[in-house]
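Notebook open, structure loaded. I'm jotting down what I look up as I go, beginning with a charged pair.

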Amino acid sequence: MCGRYAASRRPEDLAGLFGVEKWEPEETLAPDWNVAPTKSVHAVLERPLKDAADRRPVRQLRALRWGLVPSWAKSPEGAARMINARAETVHEKPSFRAAFESRRCLLPADGYYEWVTGGHERELEERGLRKRARKQPYFVTPADGSVMALAGVYEFWRDPALPPDHPQAWWVTCSVITTEAETAPFAGAGDRAGDEPGPRSLAEIHPRMPLVLTPDRWSAWLDPRTGPGELRALLTPPRADLLRAHPVTTAVSDVRNNGPELVAELDAPEEATLF
């Protein structure tokens, strides 16, 4: 799954990286090393400009709310539960189907967090010696330090309780698409000694992972005219060796904490007996 990620790139840098043609300075978001559901996030998308005579799709950088609200929803309640859409079913689920067909986006990230329960902690929990197992957070990020582009879908929702000209009358929300995690070793995992603690594949961290799209897939994914057959072919994870994972401080578990120290690599997991 994807329940938390880091996004610290400046909008002007994102505009250059993604070939953005239009972005509004008032939608600029501050760097965020602990992006949580319901927060506003930067998204790259393609759609015609409002009131423009030329109806061609224009690549834009927008600020969206993470947690999709379907256009037909009576209220935004439950948006925090709609943060992920499964790649296997996104094309058929009523909440995501229309967005998948024509409203796709990329969510730029430094990487994403996932929490791991180690073998020792699971044993203590099973024996009743620990009520709730402690988990070690890991940060998954591109091995070459590049931007991570998470595949997403977005939707518009009209708040019927507000007049049409109210600035909050329209919500633009999004979900991250997830897929099965890779079982092959990620970058650097094969360099560690056999008894060194820590997971060696993304699947050992969590069975699901956000769908990360490499630059050669960005244009087809963003283009609202891309057909369903080509879209389905894009729903495959990148090679595992393009990503790396490292343990980070448990301070990231508290959404109130924020700062670059949250993604700093630890020499070893904080709980030495995790694996």
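**Charged pairs**

I started with Asp 241, which forms a salt bridge with Arg 239, the closest N and O atoms being 3.0 Å apart. I'm using "salt bridge" for a side-chain nitrogen of Lys or Arg within 4 Å of a carboxyl oxygen of Asp or Glu. Before going on, a note on what I have: this is a predicted model, where local features need pLDDT of at least 70 and side-chain atom pairs count only at pLDDT 80 or more, while totals for chains, interfaces and linings use all residues. Residues are numbered from 1 along each chain as its sequence is written, and side-chain values use heavy atoms, with hydrogens and water left out.

Is Arg 239 buried or exposed? I get 53% relative accessibility for Arg 239, so it counts as exposed. Asp 241 comes out at 42%, so I log it as partly exposed. My cut-offs: buried is under 20% relative accessible area, exposed is over 50%, and partly exposed is in between (1.4 Å probe, protein chains only).

Next I looked at Arg 256 and Asp 254, whose side chains meet in a salt bridge at 2.8 Å, N to O. Arg 256 has 71% relative accessibility and therefore counts as exposed. Asp 254, at 25%, counts as partly exposed. I also found Arg 10, Glu 12 and Asp 13 joined into one network by salt bridges that share partners.

How many salt bridges does the rule give? The count comes to 14. Another of my entries is Arg 103 with Glu 155, where the closest N and O atoms are 3.0 Å apart. Arg 103 sits in the loop between α2 (97-102) and β7, and Glu 155 is in strand β10, so this pair ties together parts that are 52 residues apart in sequence. Both Arg 103 and Glu 155 are buried.

Nine of its eleven residues are buried, so the rest of the structure largely encloses β10. For naming, helices (H or I, at least four residues) and strands (E, at least two) are DSSP runs, numbered from the N terminus. I call two strands paired if DSSP finds at least two bridges between them.

Strand β7 (residues 104-109) pairs with β10 in the antiparallel sense over six bridges. Arg 104 stands opposite Val 153 in β10. β10 also pairs with β11 (residues 170-180), antiparallel over seven bridges. There, Arg 158 has Trp 170 of β11 as its bridge partner.

**Strand β5**

Then I followed β5 (residues 58-66), where seven of the nine residues are buried, so β5 too is largely enclosed by the rest of the structure. β4 (residues 40-47) pairs with β5 in the antiparallel sense over eight bridges, with Ala 43 opposite Arg 62. β2 (residues 22-23) pairs with β5 in the parallel sense over two bridges, and Trp 23 stands opposite Leu 61. β5 and β11 run parallel, joined by two bridges; Trp 66 has Cys 174 in β11 as its bridge partner.

**The open sheet**

Which strands form the open sheet? I read the order as β3-β1-β8-β9-β13, five strands with antiparallel pairing. β3 (32-35) and β13 (243-247) stand at the edges with a single partner strand each, so one side of each has no neighbour in the sheet. β9 (residues 136-142) and β13 pair over five bridges in the antiparallel sense, and Pro 142 has Leu 243 as its partner in β13.

**Cores**

I looked up the nonpolar cores, meaning sets of buried Ala, Val, Leu, Ile, Met, Phe, Trp, Tyr and Cys residues joined through side-chain atoms within 4.5 Å. The largest has 31 residues, and those with the most contacts inside it include Tyr 5, Trp 66, Leu 150 and Ile 205. Apart from it lies another core of 29 residues, among them Val 20, Met 82, Trp 221 and Leu 231.

**Whole chain**

Last, the totals: the protein chain has six helices and 13 strands, and buried residues make up 47% of its 275 residues.
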